[in-house]
Amino acid sequence: MSWTEERVSVLKKLWAEGHSASQIAKQLGGVTRNAVIGKVHRLGLSGRATPSRPVKRPPRLARPKPRVLPDGSVKVAAPAAPETPEVRPAAERTEVMAPLPPLQQADGEPASILTLRDSMCKWPIGDPADPKFAFCGRKADCGPYCSEHAKVAFQPARKRESRKGAYDYVRRIAG
DNA sequence: CCCTGATTCGC
DNA sequence: GCGAATCAGG
């Protein structure tokens, strides 16, 4: 079947009335819903009333699919260039583990190994090898951490011993 | 697994 | 221009 003026007008009418592509294809006959969608897209009336789907997905990358030719041979197109991975910024990853900056004490310095006391949050902040390495230093809630860091420390429990490991690490550093 | 529209690309 | 294949969702 071909897209006669008649059939196109019917297509437009049904599409405008909100029928789905498969319903239109069924009514027209001789075409699949893909054909209808393709025609709709070509006519430029793709965007209809899409109540529950304003989802905008990124363009699909090319499909280098092998195709079987009539003579039985297989042809493979050159693979399309991969999209840019886009790595997450380091700051975004760190933010989860250290949402709070070290508490400034009276002397303006954050809690260090020397000044960290039992009642202070022992959440490490920064690289231990860095001179600026410090601890959270806020009031420890019920464990070694303040209420905020306790949420982070005692939540994921990934793999095996994130909690114990974190605590031991602090004990090792803090004494 | 059913459905939806969107997109690609060989024809 | 056409539409099958495929994708990304509901």
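Okay, housekeeping. What you're looking at is a predicted model, where local features need pLDDT of at least 70, side-chain atom pairs count only at pLDDT 80 or more, and totals for chains, interfaces and linings use all residues. Residues are numbered from 1 along each chain as its sequence is written, while chains are lettered from A and ligands numbered from 1 in the order in which they are written.

So, the overall layout. Chain A has six helices and four strands; helices here are DSSP runs of H or I with at least four residues, strands are E runs of at least two, and both are numbered from the N terminus. Along the sequence the pattern goes α-α-α-β-β-α-β-β-α-α. Of the 175 residues, 17% are buried, meaning 20 or more other C-beta atoms within 10 Å of their own, with exposed being 12 or fewer, partly exposed in between, and C-beta atoms placed from the backbone. A contact is two such C-beta atoms within 7 Å. Taking contacts between residues at least 6 apart in sequence, 32% join residues at least 24 apart.

Now H1, residues 5-16. After H1 comes Gly 18, with a positive phi near 100°.

Then there's His 19, in the loop between H1 and H2. Is His 19 buried or partly exposed? Partly exposed, because it has 17 other C-beta atoms within 10 Å. Leaving out residues up to four places away in sequence, His 19 touches Leu 14 and Ile 24.

H1 and H2 themselves pack at about 145°, axes 10 Å apart. Axes are lines fitted to C-alpha atoms, for helices over the stretch in contact, and angles run from 0 to 180 degrees between N-to-C directions. On the H1 side we have Arg 7, Val 10, Leu 11, Leu 14 and Trp 15, against Ile 24, Gln 27 and Leu 28 of H2.

Last pair: H2, residues 21-28, and H3, residues 33-43, whose axes come within 8 Å and cross at roughly 110°. They're therefore roughly perpendicular, the word for 65 to 115 degrees, with under 35 roughly parallel, over 145 roughly antiparallel and the rest oblique. H2 brings Ala 21, Ser 22, Ile 24 and Ala 25, and H3 brings Arg 33, Ala 35, Val 36, Ile 37 and Val 40.
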